[in-house]
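Here is a friendly tour of some side-chain features. Please keep the viewer open while you read.

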Amino acid sequence: MALLTVANITASYGPTQALFDVSLTVKRGGVTALLGRNGVGKSTTIKSICRMLPHASGSITFDNKPLTHLTSHQAARLGLGLVPEGRRCFNNLTVQQNLTVAERPGHWNFSKVTTLFPRLAERKNQQCATLSGGEQQMVAIGRALMTNPKLLILDEATEGLAPIVRQEIWSAIRTLKETQNLSILVVDKSLKDLSKVADQAVVLSRGATMWSGAMADLTDSVTAQYIGV
Amino acid sequence: MTLLFIEQILNGVQLGVMLFLMAAGLTLVFGVMGLINLAHGSLYMVGAFAAAAVAASTGSFLLGVVASIVAAAVAGVLIEMLVIRRLYGRDHLDQVLATFALILIFSEGTRMVFGSFPLYLQIPPALAGPITLPGGIEYPLFRLTLIVIGLIVAFALYLLITKTRLGIQIQAGEEDREMISALGIDISKLYTFVFALGAALAGLSGALVGTLQSVEVGMGEPVLITAFVVIVIGGIGSIQGALIGAILVGLTQTLGAFLLPSLSITLFGSPDTGQVLSSMLIYILMALVLLFRPQGLMGVKT
């Protein structure tokens, strides 16, 4: 049973077409990895799903509802929890304010998030601008969790972080999958780490889906051709 | 001389807090929505006229003040939903043109309803007359009341912005409106609220300042220009900056007009140089601030 189905979408930034034919699904309780080189349309696909960029054709269905005519906040309220590329924390707010600014009732609250990321409890009254990159990433993930989403969307959540911090983030993601059974759509560069959490994989190239299937079936020839190292 | 000087300082603070009521809305609207709203002065005028009309028909100054807040907020919600909402995505030139058109519509509309003659608001008897401050200074009680009201509003606004969830959402929207929407916050509702809040404060300031001066068509535009100077000095988007900027501008304008002509008589034998210089003083202040802090005193570097 699919929670999110993206079917043959196209999208453009003004006159420049970025997506030509993207399809992907995320199953309920499943983790789908969205793969591909830089600039193939991974972040654009995520922007389309979150209604930050309108798609021109194709369909996006989430939790049995079409997202096409919804605004960004309406789509989010259906249960999309976005952790965007570049983190985009509210720098002039404190950690606690960042986490509670958009909170919606549910399993996740401030104390649950600080159990997942104990460091955020220590820094709760600190301005986000003063945090390290890893801590800001924890804030961005916590902020999305506090909206109690059905689907967590992680766009490059470990980019630019020190290896030890990356492992912290990955272990949190695994915890979310294993203990909360949360559905996740994840974009990342590290195939090794992704293979430990993702069940499904979708490979994009030049704005189109080239390959999709089980993460375990992702062959070396596909990775060499479309992902590269 | 000292007593007169202290009185002028109080006048400067009084002008400053009233400017703050205007500037707070302007800086929020610009900071949160990225909108230049020239019609903010019209909302000030709407408040003043509503207060004058209601005070005249009911005989109650307090009801007049309440009417000014309500009328300006309602006018604010209406123009936000009918006109302003379409301007957020547009460039500043479109915003300036459209809100300039709103000034003309409001001014002519008000002229049609109330005529061209100024209206007058009476200071309520309980607040009329002078009060003796410690040190033997006689100061008009009404002006002192304005200072107190202004400071109370400033404090309430500070609490609203920094302590309530709505205020925190406003701050977040100011920083990254796309992100706050993607987290499920209806930004258009937030915008309407911010606009109505700014309008209500402008209306209140129109009623209070209108009581000291007169209530007439076109009263909002000179204040609007000064309020823009205030928010540029304070840093666009910052409420704290608006308060500091407003008090600075209020003091500079009042003390400049008080001191420079007499200084100019001592130096040149005529008050002309001093008078000319004093009318330029707030712009000189703005230029100096921008020279050293281009983002304004409390502004954030972008």
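## A charge over a ring

A charge sits over a ring if NZ of Lys or CZ of Arg is within 6 Å of the ring centre and within 35 degrees of the ring normal. In chain A, A:R143 lies over the face of A:F90, at 4.9 Å from the ring centre.

A word on the ground rules: this is a predicted model, where local features need pLDDT of at least 70 and side-chain atom pairs count only at pLDDT 80 or more, while totals for chains, interfaces and linings use all residues. Residues are numbered from 1 along each chain as its sequence is written, chains are lettered from A and ligands numbered from 1 in the order in which they are written, and side-chain values use heavy atoms, with hydrogens and water left out.

## Aromatic pairs

Over all chains, a search of the whole structure finds five aromatic pairs. Rings of Phe, Tyr and Trp (its six-membered ring) pair if their centres lie within 6.5 Å; planes under 30 degrees apart count as stacked, over 60 as edge-to-face and the rest as tilted. One of the pairs is B:F5 with B:F258, tilted because the planes stand at 40°, with the ring centres 6.5 Å apart. This pair links distant parts of chain B, 253 residues apart: B:F5 is in helix α1 (residues 2-33) and B:F258 in helix α10 (residues 239-268). Helices here are DSSP runs (H or I, at least four residues), numbered from the N terminus. B:F5 has 30% relative accessibility, so B:F5 counts as partly exposed; buried means under 20% relative accessible area, exposed over 50%, and partly exposed in between (1.4 Å probe, protein chains only).

B:Y88 and B:Y191 make an edge-to-face pair, because their planes are at 75°, and their ring centres are 4.8 Å apart. B:Y88 and B:Y191 are both buried.

Conventions. Helix = DSSP H or I, 4+ residues; strand = E, 2+ residues; numbered from the N terminus.
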